[in-house]
Amino acid sequence: MLRHLVQTALNNRMGIIMRVGVIMGSASDLPVMQAAIDTLESFGIEVDKRVISAHRAAHALMEWAESAEDRGLSIIIAGAGGAAHLAGVIAGLTHLPVIGVPVRSKTLDGLDSLLSMVQMPSGIPVATVAIDGAKNAALLAVSILALQEPELREKYIDFRRQQTEKVLATVI
Ligand code: RP5
């Protein structure tokens, strides 16, 4: 905890914002998860990106999740497909908020990913977004971080305002 506070203070003094982890079970998830990375970066949030499989590299995942707070992360976005246990395992290893992105699978179109992720038993939550909903996962992370960061709050409100204006300006 102390290490985390010192690291955060140092980061802030150096103008470094590194707060969100984006992890995926396979490089094959990247085309979906890139939207989370791009969205976070568009808000000036630095992203700790990793591919670590919960079943192919279980020990490495444990190390990554248990050290997440000490490495300066505040929120973790985890994307996986199939028997998508990645987000749930991470949530069991850290008290940081975990947002899960069920990635569309080849055989069941992502329904397997969605149900594996969203049906977390009581006590360890994973905030699950839509199938392939990586952008919304990032926006949810931004809105949580914005609670404590006035500058980020302004950026997020501005993003929402522009989005609304774009819809209303649509001529059909
Ligand atoms: C999961 O299995 C990954 O998250 C990915 O969505 C799915 C398929 O992985 P690959 O066989 O493409 O590596 O672990």
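Two points before we start. The model is predicted, so local features need pLDDT of at least 70 and side-chain atom pairs count only at pLDDT 80 or more, while totals for chains, interfaces and linings use all residues. Residues are numbered from 1 along each chain as its sequence is written.

Fold first. The protein chain has seven helices and five strands. Here helices (H or I, at least four residues) and strands (E, at least two) are DSSP runs, numbered from the N terminus. Along the sequence the pattern reads α-β-α-β-α-β-α-β-α-β-α-α. Of the 172 residues in the protein chain, 36% are buried. Buried means 20 or more other C-beta atoms within 10 Å of the residue's own; exposed means 12 or fewer; partly exposed is in between; the C-beta atoms are placed from the backbone.

Now contacts. Two residues are in contact if their C-beta atoms, placed from the backbone, lie within 7 Å. Take the contacts in the protein chain between residues at least 6 apart in sequence: 66% of them join residues at least 24 apart.

On to the core. In general, nonpolar side chains in soluble globular proteins tend to be buried together. A nonpolar core here is a set of buried Ala, Val, Leu, Ile, Met, Phe, Trp, Tyr and Cys residues joined through C-beta atoms within 7 Å. The largest one holds 44 residues, and Ile-77, Ala-78, Ala-87, Val-101 and Ala-141 touch the most other members. Elements that each supply at least two residues of this core include β1 (18–24), α2 (30–42), β3 (75–81), β4 (98–103) and α6 (134–146). The largest share, seven residues, comes from α6.

Which residues of α6 are buried? They are Ala-134, Ala-137, Ala-138, Leu-139, Ala-141, Val-142 and Leu-145. The length of α6 fits too. The expected span of a helix is 1.5 Å times one less than its number of residues. For the 13 residues of α6 that gives 18 Å, and the end C-alpha atoms are 18 Å apart, so the two agree.

Next, β3. Seven of its seven residues are buried, so β3 is largely enclosed by the rest of the structure. Ile-75, Ile-77, Gly-79 and Gly-81 point one way from β3, and Ile-76, Ala-78 and Ala-80 point the other way. β3 pairs with β4 in the parallel sense over six bridges. Pairing requires that DSSP finds at least two bridges between the strands. Gly-79 has Val-101 of β4 as its bridge partner.

Stay with Val-101. It is buried because 33 other C-beta atoms lie within 10 Å. Leaving aside neighbours within four places in sequence, the contacts of Val-101 include Val-32, Met-33, Ala-36, Ile-77 and Ala-137. Ile-77, not counting residues up to four places away, touches Val-20, Ala-36, Ile-99 and Ala-141, among others.

Now the loops. Arg-104 sits in the loop between β4 and α5. Is Arg-104 buried, exposed or partly exposed? It counts as partly exposed, because it has 16 C-beta neighbours inside 10 Å. Beyond four places in sequence, the contacts of Arg-104 are Gly-81, Asp-109, Gly-110, Ile-131 and Asp-132. Two of those names deserve a look.

Asp-109 is in the loop between β4 and α5. It has a positive phi of about 60 degrees although it is not a glycine. Asp-109 is exposed, because 11 other C-beta atoms lie within 10 Å.

Asp-132 is in the loop between β5 (127–128) and α6. Its phi is positive, about 65 degrees, and Asp-132 is not a glycine. Asp-132 counts as buried, because it has 21 C-beta neighbours inside 10 Å.

What surrounds the ligand? Met-24, Gly-25, Ser-26, Ser-28, Asp-29, Ser-53, Ala-80, Gly-81, Gly-82 and Val-103 do. Near means that the C-beta atom of a residue, placed from the backbone, lies within 6 Å. That shell has three nonpolar residues, six polar and one charged. Ala, Val, Leu, Ile, Met, Phe, Trp, Tyr, Cys and Pro count as nonpolar, Asp, Glu, Lys and Arg as charged, and the others, Gly among them, as polar.

Last stop, α7. This helix covers residues 150–168. It is hardly covered: one of its 19 residues is buried. Its 19 residues should span 27 Å, and its end C-alpha atoms are 27 Å apart, which agrees.
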